[in-house]
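Good morning, colleagues. I would ask you to keep the structure in view while I walk through it.

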Amino acid sequence: MPVFRKHTAIEIVRNVKAFLNLEAGVIRGRATNSPQDPKLLQQQLQKKNREISRLRRELTQASSSSSAPKPDEEAPPMFFLVGRAKSGTSWLMRLLNSHPEILCRGEGKLFGKDSPKSLHHALANSDDLQTWLNRNPWTWQEQDPKLEHMMSVLVRYLMAEKLSKTRKRIVGDKTPLESNETIEDVADLCPSSKVVHIIRDGRDVAVSTLHHWWREAETKGDLFKLSPQQEARRDAYRADPSAFGSSGESIFSDGQIKRIARDWRDSVEHVRQDGPRLLGDSYYEIYYEDFLTGPIRETQRLLEFLEADASEETSRHCVEATSFEKMASRKPGEEDSTSFFRKGVAGDWRGVFTKEDRQAFEEEAGETLVRLGYEKNNGWAKSLGN
């Protein structure tokens with residue numbers, strides 16, 4: 001009998017045990033009432049009793065264990081939620097996790113051989129592991145499991161193990177785009193998984209990113225160090241955003257907006273090229289702005305892609321459970337620069353960017369804005385005169 005997984009193991013073993021118990025009872029009756037050979041009946045009875053004892057052990061194991069998946073077991077439905085930082089990935093992670101069938105966590109930092117904080121990097125750069133792989137009789141033959149295979153098994157195990165402790169059946173990770181090879185890694189290491197890519201107007205991403213840096217500098221100064229000039233900008237903006245905007249001064253320091261624009265452009269373009277090419281129908285794009293204007297409709301479409309319950313009732317529950325009002329205790333548009341959930345609107349950049357900010361961003365990422373439909377061809381250039 002195979003080793004069963006959680007829930008079905010208990011039910012199947014119970015049923016088989018009950019059947020064999022019944023059959024053993026019939027044999028006992030035959031032993032006392034039938035003219036058949038008593039030795040033969042006794043052998044049959046002993047055989048059934050051995051089967052019952054074995055099943056009892058499996059039943060105990062299945063009932064008490066956490067049912068962590070074995071490497072050779074079929075992986076559950078898996079997906080990875082990606083997007084440029086400050087594009088709505090955290091919000092979407094919470095929305096999906098509120099679904100009764102989906103466990104979505106973040107950030108596992110699983111992929112990226114060149115990313116010092118990732119699991120992939122830790123395995124790839126372990127001298128001890130490499131020595132073991134090169135000297136072990138189980139791994140030194142041709143076509144033996146490589147590091148990538150081990151990584152693949154470990155990722156599936158980690159995610160499935162957490163899922164096994166819930167009543168949910170689909171598992172996902174909010175995966176940061178640590179490098180331009182993230183989608184390649186997903187396709188190579190978890191080829192049966194899906195990828196959800198959330199995209200947001202890069203100009204709103206720039207504004208949100210700067211506020212994030214301001215906020216992080218107050219709690220993680222060593223990682224997000226601000227110059228005295230940058231601190232003065234932050235404090236002046238927070239004291240009176242309207243007055244700061246009227247002054248014509250930019251919230252960005254020299255070079256900041258160009259760097260953010262390049263990072264946003266490169267991240268979005270790489271994922272949009274690699275996703276369909278490497279994953280085909282297992283790649284899905286969603287726009288932050290569409291979620292704001294039609295949250296239930298977009299949630300239903302996303303859930304259908306993930307093959308989860310996409311009913312209007314369930315979708316509405318997910319949307320309401322993770323609304324901006326519920327998470328921020330404010331209405332969308334009411335800004336709190338110190339909060340992770342700062343404003344919750346689209347198009348905020350229009351009231352923040354100076355003419356120079358617009359030009360700097362569009363010089364780096366104007367074509368990407370056009371391709372994504374955020375601007376008409378060369379429309380941004382014309383808008384600079386307004």
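First, the basis of what I report. This is a predicted model, in which local features need pLDDT of at least 70 and side-chain atom pairs count only at pLDDT 80 or more, while totals for chains, interfaces and linings use all residues. Residues are numbered from 1 along each chain as its sequence is written, and side-chain values use heavy atoms, with hydrogens and water left out.

The protein has 17 helices and five strands; these are DSSP runs numbered from the N terminus, helices being H or I of at least four residues and strands E of at least two. Of its 386 residues, 45% count as buried. Here buried means under 20% relative accessible area, exposed means over 50%, and partly exposed lies in between, using a 1.4 Å probe and protein chains only. The protein exposes about 21100 Å², of which carbon and sulfur atoms supply 49%; these areas come from the Shrake-Rupley method with a 1.4 Å probe, and for residues only the protein chains shown count as cover. A contact means heavy atoms within 4.5 Å. Among contacts between residues at least 6 apart in sequence, 70% join residues at least 24 apart.

Let us move to the strands. Two strands pair if DSSP finds at least two bridges between them. Strand β4, residues 194-199, runs parallel to β5 and is joined to it by five bridges. Within that pairing, Val 195 has Tyr 283 as its bridge partner, and Val 196 stands opposite Tyr 284. Strand β4 also pairs with β1, residues 78-82, in the parallel sense over four bridges; there Phe 79 stands opposite Lys 194.

Why is β4 largely enclosed by the rest of the structure? Six of its six residues are buried, so the strand is largely enclosed. In a regular strand the side chains alternate between the two faces of the sheet. In β4 both faces are covered: Lys 194, Val 196 and Ile 198 are buried on one side, and Val 195, His 197 and Ile 199 on the other. Strand β5, residues 283-287, is mostly covered, with four of its five residues buried.

I come now to the cores. A nonpolar core is a set of buried Ala, Val, Leu, Ile, Met, Phe, Trp, Tyr and Cys residues joined through side-chain atoms within 4.5 Å. The largest one has 27 residues, of which Ile 251, Phe 252, Trp 264, Phe 353, Phe 361 and Leu 372 touch the most other members. The elements giving two or more residues to this core are α8 (202-219), α11 (256-279) and α16 (355-372), and α8 gives the most, with six residues. Apart from this core lies another, of 26 residues, among them Leu 119, Leu 129, Val 186 and Leu 279.

Finally, the backbone. Most residues other than glycine have a negative phi, and most peptide bonds are trans. A cis peptide bond, however, joins Gly 106 and Glu 107, with omega about -10°. Glu 107 sits in the loop between β2 (102-106) and α4 (119-124). Lys 109 is also found in the loop between β2 and α4, and has a positive phi of about 50° although it is not a glycine. Lys 109 is partly exposed, with a relative accessible area of 23%.
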